[in-house]
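Hi,

Here is the structure I promised to pass on. Please have a look at it first, and then read my notes below.

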Amino acid sequence: MEKYLLPDIRDLHRIDVYEAHGGYKAFRKALQMKTEDVTEEVKKSGLKGRGGACFPTGLKWTFMPKQSDKPKYLCVNGDESEPGTFKDRQIFEFNPHLMIEGTLIAAYAMGGSISYIYVRGEYGKWIKMIEKALHDAYAKGYIGQNILGSGFSTEIIVHRGAGAYICGEESALMNSIEGDRGYPRVKPPFPAQNGLWGRATTINNVETISNVPLIIDRGWEWYSKIGAPKYPGPILVGVSGHVNKPGVYELPTGVPLLEIIHKYAGGVPGNKAIKAVFPGGSSTMVLRGDQLEGVCMDAESLKAAGSSVGTAGLIVMDEDTDLIKVIARIAKFYYHESCGQCTPCREGTGWLWKILNRFENGEGRWEDIDLLLDVANNVEGNTICALGDAAAWPVQSMVRRFRDEFERRAKIPRPKVLEAVAV
Ligand SMILES: Cc1cc2nc3c(=O)[nH]c(=O)nc-3n(C[C@H](O)[C@H](O)[C@H](O)COP(=O)(O)O)c2cc1C
């Protein structure tokens with residue numbers, strides 16, 4: 001299929017090349033439209049957030065107050081810290097002006113006076129590339145005061161994170177920009193009512209924002225016909241793990257996972273069987289290799305299969321993978337990244353890691369299997385932000401879908417009474 005987010009155009013990161021291929025045309029077009037018509041176009045396109053929560057983008061924009069004598073803000077979320085997720089950096093490197101153009105259109109639609117592009121701190125090389133692109137866009141008059149004589153003024157600022165996964169959570173991100181500790185805020189109030197410095201704010205993912213110029217340029221009808229009807233558009237699928245060609249693939253939504261693995265990512269080394277996949281990053285529910293037939297990179301399809309599209313970071317594990325080791329490592333990540341504000345997450349993520357560590361070291365007990373579920377169930381839904389869910393879901397799904405692995409690794413065997421019942 002044709003590629004829109006990452007087309008094969010040499011030096012597209014340069015503003016002259018970007019303009020020569022129609023760049024900033026959509027922004028010019030948007031400036032001629034009524035702001036509410038721009039939002040309506042995005043709403044009708046069916047675009048849903050690519051940052052993990054899958055929220056309809058146009059609808060989110062309508063939550064912003066229309067009239068306000070206070071500044072309004074947009075945050076473009078490029079914190080990208082989830083294991084298995086590495087797609088936004090492709091946009092930073094190969095098509096940064098698409099993101100900038102999307103940011104400008106979104107700011108225009110919502111009346112945003114300042115947009116912050118929040119970038120993962122470790123992305124030093126990409127931060128320099130974004131800054132260069134912004135510098136060039138300022139020089140061409142696309143950003144700043146009275147842009148292209150339209151009367152619309154807006155600024156864009158790059159904000160560098162400091163290496164915490166939690167700062168990708170939208171309200172922690174705002175605290176981080178304000179110079180505070182990256183603690184998530186209690187919601188409501190939601191950012192559109194009370195965001196950065198108490199002002200109306202919208203947070204969108206880098207890839208989400210980069211879809212906006214396509215919609216404005218070619219219209220919502222064209223866009224809504226790409227890929228899966230209820231989750232349309234191009235999507236950047238990051239494939240990692242046991243595949244011959246790991247990488248980021250731009251595809252229409254709705255491509256079967258097995259096609260992504262075998263056709264695009266070159267199949268599994270040694271033609272081994274697939275034991276498991278995380279379809280959308282390490283926070284999504286793991287799927288068994290033998291349940292992948294017919295499952296597509298689409299929010300609906302993955303929901304029906306018992307997982308979610310997340311950030312479309314597809315992690316593939318072959319038949320020889322030690323899943324206990326995998327899930328113990330993932331649990332350690334969430335334990336390390338929990339901000340510690342909510343007790344269930346602060347304590348629960350540590351307990352999950354300790355129990356999984358017991359299994360990894362051959363010290364797991366039979367009753368630990370249900371204890372894992374019990375702890376995870378008590379973390380899920382009981383925290384201010386979704387980091388708790390992100391820690392619980394992979395563990396819950398791993399125990400439910402690969403219980404036999406845990407049973408095999410339990411040092412203390414199945415109690416006799418249970419064996420009698422099972423017989
Ligand atoms: C712990 C945690 C980390 C997150 N990290 C990111 C991130 O790195 N990038 C991102 O876009 N969204 C991340 N999110 C989701 C954001 O809170 C928010 O839903 C998203 O940026 C909204 O953009 P979208 O509507 O365009 O998807 C994270 C959420 C949580 C709970």
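This is a predicted model: local features need pLDDT of at least 70, side-chain atom pairs count only at pLDDT 80 or more; totals for chains, interfaces and linings use all residues.

**What I found**

Residues are numbered from 1 along each chain as its sequence is written.

Helix α3 covers residues 35-45 and helix α6 residues 96-110; they pack at an angle of about 120°, with axes 7 Å apart. Helices (H or I, at least four residues) and strands (E, at least two) are DSSP runs, numbered from the N terminus. Axes are lines fitted to C-alpha atoms, for helices over the stretch in contact, and angles run from 0 to 180 degrees between N-to-C directions. The crossing of α3 and α6 is left-handed (the near helix is turned anticlockwise from the far one by less than a right angle; clockwise would be right-handed). On the α3 side the contact is made by T35, V38 and T39, and on the α6 side by I105, Y108 and A109 (in contact means C-beta atoms, placed from the backbone, within 7 Å). These contact residues divide into four nonpolar, two polar and no charged (Ala, Val, Leu, Ile, Met, Phe, Trp, Tyr, Cys and Pro count as nonpolar, Asp, Glu, Lys and Arg as charged, and the others, Gly among them, as polar).

From α13, the residues L323, I327, I330, A331, Y334 and E337 meet L387, A390, A391, P394, V395 and M398 of α16. That contact divides into 11 nonpolar, no polar and one charged.

**Domains and ligand**

The domain assignment gives domain 1 (15-225), domain 2 (233-312) and domain 3 (323-409), with bounds that come from an automatic or database assignment. The C-alpha centres of domains 1 and 2 lie 27 Å apart. Between these two, 16 residues of domain 1 are in contact with 14 residues of domain 2. The side of domain 1 that touches domain 2 has five nonpolar, six polar and five charged residues.

Where does the ligand lie? It lies between domain 1 and domain 3, because both give residues to the shell around it. The ligand is surrounded by 23 residues, the closest being G49, G51, G168, N205 and T208 (a residue is near a molecule if its C-beta atom, placed from the backbone, lies within 6 Å of it). The shell divides into nine nonpolar, nine polar and five charged. β4 (201-205) and α16 (387-401) each supply at least two of its residues, and β4 gives the most, with three.

**Backbone points to check**

Most residues other than glycine have a negative phi, and most peptide bonds are trans. Here, the bond from K187 to P188 is cis, with omega near -5°, and the bond from P188 to P189 is also cis, with omega near 5°. P188 sits in the loop between α8 (170-177) and β4, and P189 is placed in the loop between α8 and β4. N146 is not a glycine, yet has a positive phi of about 45°; its place is the loop between α7 (124-139) and β3 (155-160).

Best wishes
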